[in-house]
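Here is a short briefing on one protein model.

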Amino acid sequence: MSFPIVRHRRLRQSTGIRNMVRETHLTVDDFIQPIYVTYGENVKSEIKSMPGVFRFSLDRLQEEVTEIAELGIPAVLLFGIPETKDSLGSSGFAEDGIVQEATRLIKSWYPELLVVADTCLCEFTDHGHCGMVHTVEIDGHICGDVLNDESLDLLVQTAVSQAKAGADIIAPSNMMDGFVQAIRAGLDENGFSHIPIMSYSVKYASAFYGPFREAADSTPQFGDRKSYQMDPANAREALREAETDVLEGADMLMVKPSLSYLDVMRTIKDQFDLPLVAYNVSGEYAMVKAAAIQGWIDEKKVAMEILLSMKRAGADMIITYYGKDASRWLAEK
């Protein structure tokens, strides 16, 4: 038998060698932990389709935030479930809105913990869409369209109100054309030129959002979001979306979801010299949780492999419901 010229296994033969030559590393600094806040008292309700993830009322919020801070996770992403909804989503940009109140509390408890505010209206509108809509009734069914330009002013108001409440990063997720430029201008005009924008630049109309819509009570009451979120079949379009956001002043770019779009993430990372955010979304989390509960997979190993794949694809930050668990697992080493 001829002698192998190259023996790749030499660098795999022990834990010490494997650790030294490892190309990609996860750390707690990579994680952003989502939090759902809601009205009421003494509320800590588990989301059925997302085991281990809860909605918290403001009076129970500190226990979750303290756990996150003590684990060393540097940032949280806030989603709010309001007490009332209307066609404009006005509770999303109210001074005493649920996200604004939660932001003030978090910054008073842990000033160094970064608060990322999701800037969208779907949780706050009675129709469940991400902007202002025009509706008509056809054959007894409500139909309509999301009005792009008219929605921008509402999104600017939302971003400014979040910044005034103390949000460290504005993360617009609405996918309206021109949203980064409008929000950047609105923040600058109101004295928040220092606040960065983490743009949901490449957000697909994905089936992986199902559990989130239960968590945030944001299912559209008519139609779907395919007219403003991206077709999962398209990759080149992602470059156009990201380039537009770069030109309009985005500070960070995001790909959402991430697990089924690792190729898109790598392309965006190679093309643009901005920090890249991966969103490990609710459906991706729920699939792993469900299989783990059945005993079909090793939850820790599978979850960490998924997060590592996102980092390997180019992510600088990962929004993930596994943030707390992954931080604990990393600390076990």
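**Overall form**

With 333 residues, a compact globule would have a radius of gyration near 20 Å, and the protein agrees with that at 21 Å. The radius is taken over C-alpha atoms, and the globule rule is 2.2 Å times the number of residues to the power 0.38. This is a predicted model: local features need pLDDT of at least 70, side-chain atom pairs count only at pLDDT 80 or more, and totals for chains, interfaces and linings use all residues. Residues are numbered from 1 along each chain as its sequence is written, and side-chain values use heavy atoms, without hydrogens and water.

**Fold and dimensions**

- The C-alpha trace spans about 75 × 45 × 45 Å along its principal axes.
- Eleven helices and twelve strands form the secondary structure (DSSP runs: helices are H or I, at least four residues; strands are E, at least two; numbered from the N terminus).
- Of contacts (heavy atoms within 4.5 Å) between residues at least 6 apart in sequence, 73% join residues at least 24 apart.

**Surface and burial**

- Buried residues (under 20% relative accessible area, 1.4 Å probe, protein chains only) make up 51% of the 333 residues.
- The accessible surface comes to about 15600 Å², and carbon and sulfur atoms hold 50% of that (Shrake-Rupley method, 1.4 Å probe).

**Thr24**

- Thr24 sits in the loop between helix H1 (15–21) and strand S1 (31–38).
- Thr24 counts as buried because its relative accessibility is 18%.
- Leaving out residues up to four places away in sequence, Thr24 touches Leu308, Lys311 and Arg312.

Terms used. Buried < 20%, exposed > 50% of the residue type's maximum accessible area, 1.4 Å probe, protein only.
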